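Subject: Handover of a structure

Dear colleague,

I am passing this structure on to you, and I would be grateful if you could look through it before reading my notes. The notes follow below it.

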Amino acid sequence: MREIFTRLQSEASYSKDCLEKIDEINIEVNLEALESKEMNPWLLSVFIKSDTMEANEESYEEFLETKEALIIALEHNQRAVYVGSRLVDGWSEFYFYSYDSKRIDVIVKNILVPSEYIYESNIVRDTKWDFYELQLEPTELELCHIQSAKIIFLLAEEGEDLTIPRDVEHYVSFETPTGKNRFVNTLDLEGFSFKDEISTEDFEHGVALVKNHNVTEKEVQKVVNTLFEKVKIDNGYYEGWSTLLINKDEE
């Protein structure tokens, strides 16, 4: 399963130019890649110059076709597994893990030379998958934002005006009832109020909180970041959020 998210960081330590300061990095990650970790100890990096790929729709589509052709060719006969990509300063960085390093560069060359893209490739041994875990795999908070983006997308598809404030339920859980009770009794987050205790198969000691806010990406990230930080202080987990459709309720 591929997911896309944006990572904020001050310096891209693994970018093509590791000295360049970067505020945002767009990342695509294959969340199922770790299933192949034991069989693939070699990290293949392919950098493609892509600063002109969005010049028009046709150029962008051609670039996507080249990307998928590269992935298919390298994954043929389980030779390698695509683990993700990053967009950094006009370069699209694609990453694979393979079971060996023999002639892997030939496969890359056969796909990219005819495309006439400027590219570079490199393969190194990374048995612990340090690059994937540090530079591609989402953190717990980033996974929360990935799920938020899906909800926001669905709301927009329903024709919702995301700028309209509405009651939004946020769910948190704790490993023990003591942790849950301590969090509820000391809740001091501005705008949040306790709604109910909840229990499911996934988390037994859960709490539903309510806050009135809009559901734009910027505002949701701000609210989630605040609650996530507070919950972690009490050794809890942020489990996501939900809300009702406003536009349809008003019809």
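**Helix α1 and its surroundings**

Helix α1 runs over residues 57-75, and its 19 residues reach 27 Å from the first C-alpha to the last, close to the 27 Å expected at 1.5 Å a residue, where the expected span is 1.5 Å times one less than the number of residues. Helices (H or I, at least four residues) and strands (E, at least two) are DSSP runs numbered from the N terminus. The model is a predicted one, in which local features need pLDDT of at least 70 and side-chain atom pairs count only at pLDDT 80 or more, while totals for chains, interfaces and linings use all residues. Residues are numbered from 1 along each chain as its sequence is written, and side-chain values use heavy atoms, with hydrogens and water left out.

Within α1, the residues F63, T66, K67, L70, I71 and L74 are buried, a term that stands for under 20% relative accessible area, with exposed meaning over 50% and partly exposed in between (1.4 Å probe, protein chains only). After α1 comes N77, whose phi is positive, near 55°.

**The four-stranded sheet**

An open sheet of four strands has the order β8-β9-β7-β10, with antiparallel pairing, and two strands are taken to pair if DSSP finds at least two bridges between them. Strands β8 and β10 (237-243) stand at the edges with a single partner strand each, so one side of each is left without a neighbour in the sheet. Neighbouring strands of this sheet are turned by 25° against each other on average, direction ignored. Helix α5 (residues 177-185) packs on the sheet, where it touches β7 (166-174), β8 and β9, and its direction makes about 25° with that of β9; axes are lines fitted to C-alpha atoms, for helices over the stretch in contact, and angles run from 0 to 180 degrees between N-to-C directions.

Strands β8 (residues 193-198) and β9 (residues 205-213) pair in the antiparallel sense over five bridges, and they form a hairpin with six residues between them. In this pairing F194 stands opposite L209 in β9, and D196 stands opposite A208 in β9.

**Two loop residues with positive phi**

Most residues other than glycine have a negative phi. W129, in the loop between β6 (119-125) and α3 (130-136), has a positive phi near 55°, and at 0% relative accessibility it counts as buried. N235 is found in the loop between α6 (217-233) and β10; its phi is also positive, about 60°, but N235 is exposed, with a relative accessible area of 58%.

**The chain as a whole**

The chain has seven helices and 10 strands, and buried residues make up 43% of its 251 residues. Its C-alpha trace spans about 60 × 40 × 35 Å along the principal axes.

With kind regards

Terms used:
Contact means heavy atoms within 4.5 Å.
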